[in-house]
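Biologist: I'm new to this one, so let's take it a question at a time. Please show me the structure before we start.

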Amino acid sequence: MASMNALPNHPCPHFKTDESGASPAGPASRPWRRLAALALPLLLAACATHGPQGLDIDQSVQAKSQNSRVSTIVLHYTSANNEASLRILSERNVSAHYLVTDERKPHIYQLVDESRRAWHAGVSEWYGRSDLNSTSIGIEIVNQGLISNPRSGHLEGPGADKWDDYSAQQTRTLAILVKDIIARHQIKPENIVGHSDVAPQRKIDPGPLFPWHALADLGVGRWYDETLARQYAAEFLVNGLPPISWVQAELRRVGYTTPDSGILDKATMNTLGAFQMHYRPIRYDGRPDAETLGILKALP
């Protein structure tokens, strides 16, 4: 067993003594003794921080059993221009950790430190966890959102909705920012979500034009096996769609909060519409079809 006076690689090393506890004697040791005497206060100071009322708090030993408090990234659009977005998020009763502008070279503002709670998600839930403000990082992207009103639930055809598009520069900037946050907090792909995913009864941002697929190609967020989704969709076309209770159970499996009613009620349609905006945005009216349910079944 190694001596307790010799802990290799310990951040606060002990000075070696003989078995009696005395330091080695002799002329050759005197320069080293003087150096040790000078170094000791510095070494001890490095192992402690000053807490309240001068308490020394030793941080030299860190627990293995820990992880980040941040488990989710929630993405939003602002529905306002750069100037108004910055003013609203910095001065009013709402905030986000980051704001990404829509300038030619997007500018990133950090408005709230990641260690603090921003007010961006509101009443929200994901995989059964509520109060996402306490465990998430919120990123607002300058984008006007839905331009037409009311919402039809379609991106193409007569009466299709009009939405503000996201620029390629915003997408690249956002991907770099989010990947850095993911690496620092070890956030899982399924926990990169939109506001509509975690609050489908209240919110529709970041909308059906948000580049989820492009971000997934860049290594940000969850996507599905497209070949498998087509296979499942073909099976649904031949065999018929499963009951609504199956749809509701599958939505809960992939993180969404939805009723367990077994009927296509308004709340279930809102949740399925949020899923469609994320994964099949060409039609997001909240009504089940073979393509939507094929994607849902294929989603990991």
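Biologist: Which residues in α9 are buried?

Modeller: First, this is a predicted model: local features need pLDDT of at least 70 and side-chain atom pairs count only at pLDDT 80 or more, while totals for chains, interfaces and linings use all residues. Residues are numbered from 1 along each chain as its sequence is written, and side-chain values use heavy atoms, with hydrogens and water left out. Buried means under 20% relative accessible area, exposed over 50% and partly exposed in between (1.4 Å probe, protein chains only); helices (H or I, at least four residues) and strands (E, at least two) are DSSP runs, numbered from the N terminus. On that basis, the buried ones in α9 are A290, T292, L293, G294, I295, L296 and A298.

Biologist: What covers those buried residues of α9?

Modeller: α9 is largely enclosed by the rest of the structure, because seven of its nine residues are buried. Contact here means heavy atoms within 4.5 Å. The cover includes α6 (226-239), α7 (244-253) and α8.

Biologist: Which residue caps the N-terminal end of α9?

Modeller: Look for a polar contact, which is a pair of N or O atoms within 3.5 Å; within protein, one must be able to donate a hydrogen and the other to accept it, and residues adjacent in sequence count only if both atoms are side-chain atoms. The backbone nitrogen of E291 has a side-chain oxygen 3.1 Å away, and that oxygen belongs to the capping residue, D289.

Biologist: How are α8 and α9 set relative to each other, roughly parallel or roughly perpendicular?

Modeller: Axes are lines fitted to C-alpha atoms, for helices over the stretch in contact, and angles run from 0 to 180 degrees between N-to-C directions. Under 35 degrees counts as roughly parallel, over 145 as roughly antiparallel, 65 to 115 as roughly perpendicular and the rest as oblique. The axes of α8 (residues 266-279) and α9 (residues 290-298) come within 11 Å and cross at roughly 80 degrees. That makes the two roughly perpendicular.

Biologist: How many residues in the contact of α8 with α9 are nonpolar?

Modeller: On the α8 side there are L272, F275, Q276 and Y279, and they meet T292, I295 and L296 in α9. Ala, Val, Leu, Ile, Met, Phe, Trp, Tyr, Cys and Pro count as nonpolar, Asp, Glu, Lys and Arg as charged, and the others, Gly among them, as polar. With two polar and no charged, the nonpolar count is five.

Biologist: What is the relative accessible area of Q248?

Modeller: Q248 is found in helix α7. Leaving out residues up to four places away in sequence, Q248 touches T258, P259, D260, S261, G262, I263 and T268. It's buried, and its relative accessible area is 0%.

Biologist: Now the rings. How is the pair of Y166 and F210 arranged, stacked or edge-to-face?

Modeller: Rings of Phe, Tyr and Trp (its six-membered ring) pair if their centres lie within 6.5 Å; planes under 30 degrees apart count as stacked, over 60 as edge-to-face and the rest as tilted. That rule gives twelve aromatic pairs. For Y166 and F210, the centres are 5.1 Å apart with 90 degrees between the planes, so by the cut-offs the pair is edge-to-face.

Biologist: How many residues apart are Y166 and F210?

Modeller: Both are buried, Y166 at 10% relative accessible area and F210 at 4%. Y166 sits in the loop between β8 (136-141) and α3 (168-185), F210 in the loop between α4 (195-198) and α5 (212-217). The pair links distant parts of the chain, with a separation of 44 residues.

Biologist: Last one: what share of the protein's residues is buried?

Modeller: The protein has nine helices and nine strands. Among contacts between residues at least 6 apart in sequence, 62% join residues at least 24 apart. Out of 300 residues, the buried share is 40%.
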